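Subject: Handover of a structure and the findings from it

Dear colleague,

Please find below the structure that I am handing over to you. My notes on what was found in it follow directly after.

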2 protein chains.
Amino acid sequence: MQIKKSLPEAVVRRLPGYHRYLCDLCRLGTRRISSQELAKLMGLTASQIRQDFNSFGGVGQQGYGYNTDELRDRIAELLGLGRSFSLILVGAGNIGQALIKYAHFAELGLHIVAAFDTSPRVVEQNIGGIVVKPIEELTAHLAHGGVDIAIVAVPAPVAQDTANLLIDAGITALWNFAPVDLQVPPHVHVVNVHMLDSLLVLLFRMNAAEK
Amino acid sequence: MQIKKSLPEAVVRRLPGYHRYLCDLCRLGTRRISSQELAKLMGLTASQIRQDFNSFGGVGQQGYGYNTDELRDRIAELLGLGRSFSLILVGAGNIGQALIKYAHFAELGLHIVAAFDTSPRVVEQNIGGIVVKPIEELTAHLAHGGVDIAIVAVPAPVAQDTANLLIDAGITALWNFAPVDLQVPPHVHVVNVHMLDSLLVLLFRMNAAEK
């Protein structure tokens, strides 16, 4: 089935959550689920879920619901899962080191294969099995190819320069933890994480509830 | 002005981004901005921005645009910023330690005041100026009051029990980094971060572009 490039951004943002829940349901042996049941689990509405699934060809049957295996596989296909991805990390500070040690990448076929930093305090250190390389070796490393995604975890003032360096070296996907929105050319994909945004959403809800 | 409890979830999720950009604009001395200019900066559409701002009473003037100071202050008010928040951390593993050392909390008035863990490897260790306490001291610590938010950064299998313990001790806001959705009673606010969700969004875009 053709992948729709035009899937609405809001639906795209909900795909990872659907994938998580469907993987859990399959693991627990649940073979089918109604939009109502899934809505209750996920804190969404059933009509939202049906509309989302319709938008990418996930079709349930009246009175039967959705086949969890099929739906999980369809979403995994949309996400491009099912193959292995190589990531490099630029910036092995606190966040970077936590990412290297993060246990849940491998479950999705994601592997951090190298890390780079400028600081003599971390270069040559072994962090979770990866020896941090000096940033000067980055371009030569990327010249070998085979890297799918670069994680940017450097301080904000050098984040855009780091991104430019990576893009010049052929990287086309950036997962950015620096607290700035990176500017990239149209052929490059970027997600800017902004760790504190979700905390501000929590603050909003606390504040709204107090009024 | 009255805070609207009913602000659409999609608008709420965009508030932190608006706040970031408006703070930057104010810092750089930009006194006013049109929805078109802001849309270009943020990668949104001008009509989206006008609709969002209308929903919480941010009113621009025809041919003048938005006053950046006023708009920033209005959004800060919605988010409940402008006061100090005390956070505790439960789970001082890799992610937890990176959060303790994360430099950008203080800019928003957020302060991690204590950390708790079960592991003898980290209890009593000084991490970024905070001495990790044994989890057994958590309830007594919370009995003193004054904690606004608990960060949950424990392994997934113990995350719900940890949340229950925190809620029983009076915590009403949880910022959760364990890769599970926490179940909480209606009076408790929770944001489940799911670190890998944004990476899956990046994978989707890479995959969609390849087709």
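Predicted model: local features only at pLDDT ≥ 70, side-chain atom pairs only at ≥ 80, totals over all residues.

Residues are numbered from 1 along each chain as its sequence is written, chains are lettered from A and ligands numbered from 1 in the order in which they are written, and side-chain values use heavy atoms, with hydrogens and water left out.

Salt bridges

Which residue does Asp197(B) meet in a salt bridge? Its partner is the side chain of Arg20(A), at 2.6 Å from N to O. A salt bridge is a side-chain nitrogen of Lys or Arg within 4 Å of a carboxyl oxygen of Asp or Glu. This pair crosses between chains, from helix 1 (residues 9-27) of chain A, which holds Arg20(A), to helix 8 (residues 197-210) of chain B, which holds Asp197(B). Helices (H or I, at least four residues) and strands (E, at least two) are DSSP runs, numbered from the N terminus.

A further salt bridge, at 3.6 Å from N to O, is formed by the side chains of Asp181(A) and Arg20(B). Asp181(A) lies in the loop between strand 9 and strand 10 of chain A and Arg20(B) in helix 1 (residues 9-27) of chain B, so this pair joins two chains. Asp181(A) counts as partly exposed because its relative accessibility is 23%.

Within chain B, the side chains of Asp24(B) and Arg27(B) meet in a salt bridge of 2.3 Å, N to O. These two residues are separated by about one helical turn, because they are 3 residues apart in helix 1 of chain B. Asp24(B) is partly exposed at 36% relative accessibility, whereas Arg27(B) is exposed with a relative accessible area of 63%.

In chain A, a network of salt bridges links Arg31(A), Asp69(A), Arg72(A) and Asp73(A). Over all chains, the search of the whole structure finds 20 salt bridges.

The sheet of chain A

Chain A has an open sheet of 6 strands with parallel pairing, in the order 7-4-3-8-9-10. Two strands pair if DSSP finds at least two bridges between them. The edge strands are strand 7 (133-134) and strand 10, each of which pairs on one side only.

Moving across the sheet, strand 3 (residues 85-90) and strand 8 of chain A are parallel and share 4 bridges, and Leu87(A) stands opposite Ile149(A) of strand 8. Strand 8 (residues 149-152) then pairs with strand 9 in the parallel sense over 3 bridges, with Val152(A) opposite Asn176(A). On to strand 10 (residues 189-192), strand 9 is joined by 4 bridges, again in parallel, and there the bridge partner of Asn176(A) is Asn192(A).

Strand 8, helix 7 (residues 159-168) and strand 9 of chain A make a right-handed β-α-β unit. A crossover is right-handed if, with the strands pointing away from the viewer, the path from the first strand over the helix to the second runs clockwise.

Is strand 9 buried or exposed on its two faces? In a regular strand the side chains alternate between the two faces of the sheet. Both faces of strand 9 (residues 173-176) of chain A are covered, with Ala173(A) and Trp175(A) buried on one side and Leu174(A) and Asn176(A) buried on the other.

Other residues of chain A

Ile127(A) is found in strand 5 of chain A and counts as buried because its relative accessibility is 3%. Ile127(A) and Ile100(A) are 27 residues apart in sequence and 7.2 Å apart in space, C-alpha to C-alpha. Ser119(A), in the loop between strand 4 (110-117) and strand 5 (126-127), is likewise buried, at 16% relative accessibility. From Ser119(A) to Pro16(A) there are 103 residues in sequence and 35 Å in space, C-alpha to C-alpha.

With kind regards

Note on methods:
Buried < 20%, exposed > 50% of the residue type's maximum accessible area, 1.4 Å probe, protein only.
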